[in-house]
Amino acid sequence: MDANEQMSAKCEVQGLLKSFGSHVAVNNISFSVNQGEFVVLLGPSGCGKTTTLRLIAGLEKPDDGTIALNGATVSAPTRHLFVPPQRRDIGMVFQSYAIWPHMTVFENVAYPLRVRRIGQADLREKVARVLDLVGLAGQATRSATALSGGQMQRVALARALVFDPALLLFDEPLSNLDLKLREGLRIELKNLQRRTGLTSIYVTHDQEEAVELADRIIIMDHGEIIQIGAPLDIYIRPKTRFVAEFISSANIFEATVLDVLDGSLCRLGIDGGHELHATREEPVSVGDRVDVVIHPEDCTLAASDASTGGHKVRIVHRQFQGTSTRYTTDWAGLAFRVVALGTRDLIGEGSDAVLHLPVESTRIVPRQAR
Ligand SMILES: Nc1ncnc2c1ncn2[C@@H]1O[C@H](COP(=O)(O)OP(=O)(O)O)[C@@H](O)[C@H]1O
Ligand SMILES: [Mg+2]
């Protein structure tokens, strides 16, 4: 085990509560992050992600609940316990680069070590090592103002890593960068986290980023946790319509349970007279109102003369995207999206077609309480 792994913390949050005036920003949330894990907090703007991160860092004081790092409680208002940020051993990277323009790259990165009164030789070695790690070797003497956005974010990352923190927190660190750079840095960041084994909590509102980076995703809405799970698990089994809408571009329809058949099979009626078969995870009864979720890439379209069964649709729009083609179809008044891989058997706009919905990919999710 290398030094970083030994230092890596487990973070435990229990019943965390934070209000600003009468507005509850974080509403009684609990979760834990395992050693070496990369957890992403995902949710729409204003759902309480940044507040959660700032509470963990000690930049905000909670109203209630506990936060523990590596088993040691750092925040517990009922016991009047509050460890200040500089004693929590946490590295943070923000959306705004927050680096000092009047300093060189070296001095920016060395700053946390100077605060900790690390000796000169040790300091030089640590800064060099971490600049190498983030791909800035040879840039040490450059002025921070001369850097591009991507390079500034590397400096910010180096500064967060240089003192071997027990936990790394990221607040939308890539959202100020352009798309290409963002995608490149995303992969680098993930690789770096794997190599160092640093326990990380990463905040974003970008589902693509979350799915690619996370070992586990925590979906938040209105200050509450809606679902926690591995990216694939949440994608396939969203607990609510909100989660399905947020994590994917699935087809989602309100429906009524018409029949509960064998096993987990149900017959559903969608408003407007459509009927289909679907799979349920939770028990449902005839007459229940449910949502049905079908991912566009799980469905197939066939020319209408080449297929039996399925549902009659018309191709309204076809968007060729190289490796895949996106179709919008009209299923007797219902807009239904399909994504087809490859270039064989493309169907033209205006054509009739047959839509096949595999029952195992046609999933019922319980109606949302909110
Ligand atoms: N310092 C503050 N004072 C007042 N309201 C705040 C403050 N910080 C955050 N809020 C409010 O708390 C809610 C959650 O904010 P935030 O945690 O920043 O959300 P997110 O990061 O998910 O966009 C928002 O409604 C926001 O306006
Ligand atoms: Mg935020």
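Me: Which backbone oxygen lies 3.0 Å from a polar atom of the side chain of Q227?

Reply: In this predicted model, the answer is the backbone oxygen of R237. The cut-off for a polar contact is 3.5 Å between N or O atoms, and the pair of Q227 and R237 is 3.0 Å apart.

Me: Why is Q227 called buried?

Reply: Buried means under 20% relative accessible area. Q227 has 6%, so Q227 counts as buried. Q227 lies in strand β11, residues 224-229.

Me: What is Q227 in contact with, leaving aside its neighbours within four places in sequence?

Reply: Its contacts include I217, I218 and I219, as well as I234, P238 and V243. R237 is also one of them.

Me: Why does E37 count as buried?

Reply: Its relative accessibility is 8%. The limit for buried is under 20%, so E37 is buried. E37 is found in the loop between β2 and β3.

Me: What makes a polar contact with the side chain of E37?

Reply: The side chain of R216 does, at 2.5 Å. That distance of 2.5 Å is to be set against a cut-off of 3.5 Å. E37 also touches Q193, L198 and D215, among others. The C-alpha atoms of E37 and L198 are separated by 7.3 Å, while the two residues are 161 residues apart along the chain.

Me: Which side chain is joined to that of R267 by a polar contact of 2.6 Å?

Reply: The side chain of E275. E275 is also among the residues that R267 touches, together with V257, D259 and H277. V257 is 10 residues from R267 along the chain, and their C-alpha atoms are separated by 6.2 Å.

Me: How do you know which residues are around ligand 1?

Reply: The test is a heavy atom within 4 Å. The residues around ligand 1 include F20, H23, P44, C47, G48, K49 and T50. β2 and α2 each supply at least two residues of this shell, and α2 gives the most, with three.

Me: Which polar side-chain atoms lie 3.0 Å and 2.8 Å from an oxygen atom of ligand 1?

Reply: One belongs to H23, at 3.0 Å. The other belongs to T50, at 2.8 Å. A polar backbone atom of G48 is 3.1 Å from an oxygen atom of ligand 1. On its own ligand 1 has 560 Å² of accessible area, and the protein covers 59% of that.

Me: Why is α2 described as largely enclosed by the rest of the structure?

Reply: Seven of its nine residues are buried, so the helix is largely enclosed. Among the buried ones are K49, T51, L53 and I56. α2 is followed by G58, whose phi is positive, near 90 degrees.

Me: What makes D164 and R129 a salt bridge?

Reply: The rule asks for a side-chain nitrogen of Lys or Arg within 4 Å of a carboxyl oxygen of Asp or Glu. The closest N and O atoms of D164 and R129 are 3.9 Å apart, so the pair passes. D164 is in the loop between α5 and β8, and R129 is in helix α4, 35 residues apart. D164 is buried at 16%, whereas R129 is partly exposed at 38%.

Key. Residues numbered from 1 in each chain as written. Chains lettered and ligands numbered in written order. Predicted model: local features only at pLDDT ≥ 70, side-chain atom pairs only at ≥ 80, totals over all residues. Heavy atoms only, no water. Helix = DSSP H or I, 4+ residues; strand = E, 2+ residues; numbered from the N terminus. Buried < 20%, exposed > 50% of the residue type's maximum accessible area, 1.4 Å probe, protein only. Polar contact = N/O pair within 3.5 Å; in protein donor to acceptor, adjacent residues only side chain to side chain. Contact = heavy atoms within 4.5 Å. Areas by Shrake-Rupley, 256 points an atom, 1.4 Å probe, with all protein chains shown as cover.
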